[in-house]
Structure formats: structure tokens, C-alpha cells
Amino acid sequence: MVMRAHRLVRQTALLSGSHFVVRIMGFSLRVWLSRELGAQAMGLVELTHSAQSLLIAPVASGLPAAVSRLSAQRGRSRSAHVALLGAGLSLLVSLPLAAAAFLLREPLARWLGDIRTLPALLCILPCLPVLGLSCALNGYCYGTNRPAAPAFSELLEQTVRLLLCLYLVPLLRGWPTALRAAVPALAMLLGETAGLLLMALLLGASLRRHRQALHASLRGARAEAGPVCTELIALALPLTGMKLVSSLMHTVNAALIPARLQASGLAAQEALSRFGMMHGMLLPVLMMPSFITGSICMVTAPELSRRQAEGKPMRRLIARVLGSTLAIGLPAMAAVYLLAPLIANVLYRQAELLSLLRLCCPLVPVMALVQVSGGMMNGLGLQRRSLRISLASNLLSLLLMYVLAARPSLRIRGAILGMAGGQLLTLLMNLCTLLLSPDRGCSAR
């Protein structure tokens, strides 16, 4: 037990360190892009990102968690074929999805509310199968305690993305806004491709050192392929449904918020700029602790899966993880409040952002707890319950945003309050599931 705890700490430290570097690079890139592109172009970037989240949801949510769970239960020697089947399923879904989205690209851009998103959409479509493969391999790595490959892959991906944006955005200065707003999507495509290639090389080198175990695992893969695929799909579907609901709501919100801001009396360009400020500047600051809490999720979920398979108690581990998350979120909340003038006036050069940051700083620990509690529920196989929670909270958030963002006295603050209502409901329902009856709830799928 002590050795396992030490291993969890080491893995969390490794992932947290790499995620810290990646988050700092990503945050710095967002700050620079907001200055270089402006709030209106950042609004286009965020609209495109919402479409990408919706399109990639079928392969980037449920399937990696299912691969991680099965790999954790089977161990390294018997999980190689799980990774192969997971990668195959991701391609089976992502390739037709990318082709269909290409054929419907113009209606999709109009649905997002701005035809100028079309160049960026064309850049993200080839990224769908690349992201699908990366997510499946990530699930295998986390399930078999190989966090180094995803960590180095993510570092390379973010480095390539950063360098390409720094080179291309100034080079295209003076070009139409739609083309400049497509640069981050193009950089993401090339960065994700580089990261996938690196992960394949690292995993190939690791598997070559265990050829005998790999061959033994693959010899039994044919007979087990059908049952394993069935189990992967059964585990992935509820979480995929939850992610689809969340992504669909996010995409609807991305189109809804500018429309409701216009209903409050703002001009269309100003409404898009306010939306870009909220999603491109405000939310990245609130989510900065996720470089640690995301690592906690990735390490804790497979451990809970193993303990569940072994019939061991989990309540104490769940409580300790939630306590650690709160210990991270509260100081981060204080830091956002204290550093709000620096972030708004120096980093982003948006004076209006100051009051928004201080209004939203209580959401920092809430969002951290939502992320970690959701990850633990997925590790325990509670995807169906997570889907119901996600549906209820997203509908509440959508309703609040629709009503509050159109009020002239609230506007973007109304959209923020709507988002906060959904986050609070998700947290309360997640905590009730995990803390009140974790061992009994783990058997309820």
C-alpha cells in the first residue's frame, strides 16, 4: 500500500510538472494572441474551438477512459491489444466524422453564427483522427502507469503550437480576420501530429523491451477482440454521451451568448468581442489550477479502478483527493483575486476584465473540484450517473445564460452567472455521489 501511494505521488508530480509547463506555455500564448489578434478574432477562435470540442467528443472522452480502465484492470502484460482495439475504434469513428463535417462545413459555420469561422474549421477537421489516436494511446499509458509518454508528447505538441503561432500570426498581419483567426487551429493540427508521432516512438521503444509479454498478449487478442470491443463500447458510450451533451451545450452557448448580448443592446461586433473576452481571456485564468488537478484525475482514476476490481475500500482515498484539490483551489482563488489588476491591465490590457476576474474568482476551487470529482466518477465506472448530472447542470446553465445575458444591467456578467450555476450544481451532485455512498454507488452503473 505504501509503495502504491508513493507511486501515485511520483506520477502526479511528473504529470503536474509537465502540465505546469504546458499550461504556462498555453496561457502565455493566449495572452499574446489576445493582444495580437484582438477580442473579435479571439471570439472567432473560441467559436471554432467549441465546434472542435463537439466533433472530437465521440473519441476524446469515453474511449480513452474505457481504455484506461480496462488497461488498469488487466495490467501491462495483457493490455496491449486493448490499446490496439481502442486506436482502431477511434479511427472507425473519427474518419467518417471528419468527412461528414467537411461536407457540411458551410452549414456548420453558419450554425456557429459567423461564416468567418470556415477557414479555422477546415484546419481542425484533419485533426480529428489525430486527436482520436492520441487520446486512445493516452488512456493506455495512464492505465498501465506509463505517464512519461503522454507528458513528453504534450510538451512537444504545445511547443510546436507556440512556435508556429509566434511565426505565422505576425507574418499574416493585415490579412483578413478570418484567416488570422485560423492560425491557432492550423498550429494545433501540426502540433498534435508531432505529439502523436513522438508518443508512437516512445511506446514502440517501451514495447520492444517487453516483446515476449507483448507477443503473448497479442496471441490471445483474436479470441478476446469481440468481448474487449464490446466492453470498451459499453464503458465508453455513457461518458461519450456526457461529453457530447457538454460539448453541444458549449457550442450552443458559443452561438447563444453573442446573440443574447445583442438582445441586450450591444452591437454584433461588440457582442463577439465580449464573448472572446469571456472564453479566451477569463476562463483560461480560472482554469490555471487544472495543470495539477488534471494530473490528479489521470492518476487517481486508474487507481480507483484497480481498487474497485480488488474489492478494496475507496472512501478514504476519495476524501483525501478531494481535500488535496480544495487545498490547491483555495490559494489559487486568492491569487486570482490579488493578481487581477496585473492580469487585466498588464497582461491582457483589458480594464473591464478586472471586475470580471474578481467576480469569478470563487469559481476557481469549484471548477477544480468539479474536474477531480468527475474524473473519479469515471474511474469508478459511474458514467451513466455522470451523464445525468451533466445533462441537468448544462440545461440549467443554458437557461440561466439565456435569461441573464440579455439583461442590459448584467450582459456578460449574466453569462458568467449562468456558467457558475451549472458548475455549482455539477459539484453538489458529484459530491453527493462520491461521499455519501461511494462503495454502494460504485456498483450502480
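Trainee: Let's start with Arg116 and Asp114. What makes this pair a salt bridge?

Mentor: The closest N and O atoms of Arg116 and Asp114 are 2.9 Å apart. A salt bridge needs a side-chain nitrogen of Lys or Arg within 4 Å of a carboxyl oxygen of Asp or Glu, so the pair qualifies. Keep in mind that this is a predicted model.

Trainee: Why is Arg116 called partly exposed?

Mentor: Arg116 has 25% relative accessibility. Buried means under 20% and exposed means over 50%, with partly exposed in between, so Arg116 lands in the middle class.

Trainee: What does the pair of Arg161 and Glu192 tie together?

Mentor: Arg161 lies in helix H8 and Glu192 in helix H10, so the pair ties together parts that are 31 residues apart in sequence. Both residues are buried.

Trainee: And Glu270 with Arg274, how far apart are they in helix H13?

Mentor: They are four residues apart in that helix, which means about one helical turn separates them. Their side chains meet in a salt bridge, at 2.8 Å from N to O. Glu270 is partly exposed at 33% relative accessibility, while Arg274 is buried at 16%.

Trainee: How do you know that Ala66 is buried?

Mentor: Its relative accessibility is 1%. Ala66 lies in helix H3 (residues 62–74), and it touches Leu232, Leu235 and Ala236, leaving out residues up to four places away in sequence. Ala66 and Leu235 are 169 residues apart in sequence, yet 5.4 Å apart in space, C-alpha to C-alpha.

Trainee: What makes the contact between Ser390 and Asn394 a polar one?

Mentor: The backbone oxygen of Ser390 lies 2.7 Å from a polar atom of the Asn394 side chain. The cut-off is 3.5 Å between N or O atoms, and 2.7 Å is within it. Asn394 sits in helix H18 and is buried, at 15% relative accessibility.

Trainee: Which residues touch the most other members of the largest nonpolar core?

Mentor: Leu353 and Leu357, out of 75 residues. Helix H13 (residues 268–286) gives the largest share of this core, 10 residues.

Methods: Residues are numbered from 1 along each chain as its sequence is written. This is a predicted model: local features need pLDDT of at least 70, side-chain atom pairs count only at pLDDT 80 or more; totals for chains, interfaces and linings use all residues. Side-chain values use heavy atoms; hydrogens and water are left out. Helices (H or I, at least four residues) and strands (E, at least two) are DSSP runs, numbered from the N terminus. Buried means under 20% relative accessible area, exposed over 50%, partly exposed in between (1.4 Å probe, protein chains only). Contact means heavy atoms within 4.5 Å. A polar contact is a pair of N or O atoms within 3.5 Å; within protein, one must be able to donate a hydrogen and the other to accept it, and residues adjacent in sequence count only if both atoms are side-chain atoms. A nonpolar core is a set of buried Ala, Val, Leu, Ile, Met, Phe, Trp, Tyr and Cys residues joined through side-chain atoms within 4.5 Å.
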